[in-house]
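This briefing walks through a structural model, grouped by topic, for a reader who will want to follow each point in the coordinates. Please keep the display open while reading.

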Amino acid sequence: MHYCGLAFIQADADIETRLAALMAPYEETNPDGKWDWYVLGGRWPGYLTEPTGGEILPARKVPLNVLRHLPHALILPDGRWLERETWNSEREDFDRIEDRLWAETFKHALRDYADHLAVVVDYHS
């Protein structure tokens, strides 16, 4: 399945290099694996700046209308990966964060990392 993720990357960093570093711990070959491949933007062109397109935007400029289509994951500058939905192997079902709470998490990330770039990531799992 394809998922939309949003990575927060320091504005002065090389985007591709930093994104690779943030994504590496979550490659499917690792115990906390989340993806088998990813690409910047991918199936989510214009996610941040509909209808004009765009995969990279300063976080402080991300319009709140993207809250209608929240990303599945947030990849934070310190390497944490936050997900809207995770697999619970004991129950053999998904644990899902309520939409309102996930929207709040998203808004907090935009505020906390306002001086970073928000980078759209299409990842496959």
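In helix α1, the buried residues are Ile15, Leu19, Leu22 and Met23. They span an arc of only 95 degrees around the axis, which places them on the same side of α1. The model is a predicted one, and the points below should be read with that in mind.

- The side chain of Thr17 is joined to that of Asp14 by a polar contact of 2.6 Å.
- Between the C-alpha atoms of Thr17 and Pro63, which are 46 residues apart along the chain, the separation is 26 Å.

**Helix α2**

- Helix α2 comprises 14 residues (99-112) and reaches 20 Å from its first C-alpha to its last, which is close to the 20 Å expected at 1.5 Å a residue.
- Its buried residues are Trp102, Ala103, Phe106, Ala109 and Leu110. These residues cover an arc of only 120 degrees around the axis, and this puts them on the same side of α2.
- Arg100, Arg111 and Asp112, by contrast, are exposed on the other side of α2.
- The packing partners of the buried residues of α2 are the strands β1, β4 and β5 (81-83).

**Strands β1 and β8, and the strands paired with them**

- Strand β1, residues 2-10, is mostly covered, with seven of its nine residues buried. Strand β8 is likewise mostly covered, and eight of its nine residues are buried.
- The two strands β1 and β8 (residues 116-124) run antiparallel and are joined by nine bridges. Within this pairing, Ile9 has Leu117 as its bridge partner in β8, while the partner of Ala7 in β8 is Val119.
- Strand β1 also pairs with β4 (residues 73-75), in this case running parallel and joined by three bridges; here Leu6 stands opposite Leu74 in β4.
- Strand β2 is joined to β8 by four bridges, and the two run antiparallel; Tyr38 stands opposite Tyr123 in β8.
- Strand β3 is joined to β8 by three bridges, again in an antiparallel arrangement, and Leu57 stands opposite Ala118 in β8.
- As background to reading these strands, side chains in a regular strand alternate between the two faces of the sheet.

**Aromatic pairs**

- A search of the whole structure finds five aromatic pairs. One of them joins Trp35 and Tyr38 in an edge-to-face arrangement, with 4.9 Å centre to centre and 85 degrees between the planes.
- The two members of that pair can be described separately: Trp35 counts as buried at 7% relative accessibility, whereas Tyr38 is partly exposed, with a relative accessible area of 25%.
- Trp81 and Tyr123 form an edge-to-face aromatic pair as well, at 5.1 Å centre to centre and with 80 degrees between the planes. Because Trp81 lies in strand β5 and Tyr123 in strand β8, this pair ties together parts that are 42 residues apart in sequence.

**Glu83, a charged residue under cover**

- Glu83 is found in strand β5. Why is Glu83 classed as buried? Its relative accessible area is 14%, and buried means under 20%.
- The side chain of Glu83 makes a polar contact of 3.0 Å with the side chain of Lys34.
- Leaving aside residues up to four places away in sequence, Glu83 touches Lys34, His72, Ala73, Ile97, Trp102 and Tyr123.

Conventions. Residues numbered from 1 in each chain as written. Predicted model: local features only at pLDDT ≥ 70, side-chain atom pairs only at ≥ 80, totals over all residues. Heavy atoms only, no water. Buried < 20%, exposed > 50% of the residue type's maximum accessible area, 1.4 Å probe, protein only. Pairing = 2+ DSSP bridges. Polar contact = N/O pair within 3.5 Å; in protein donor to acceptor, adjacent residues only side chain to side chain. Expected span 1.5 Å × (residues − 1). Arc of directions from axis to C-beta. Contact = heavy atoms within 4.5 Å. Phe/Tyr/Trp six-rings, centres within 6.5 Å; stacked < 30°, edge-to-face > 60°.
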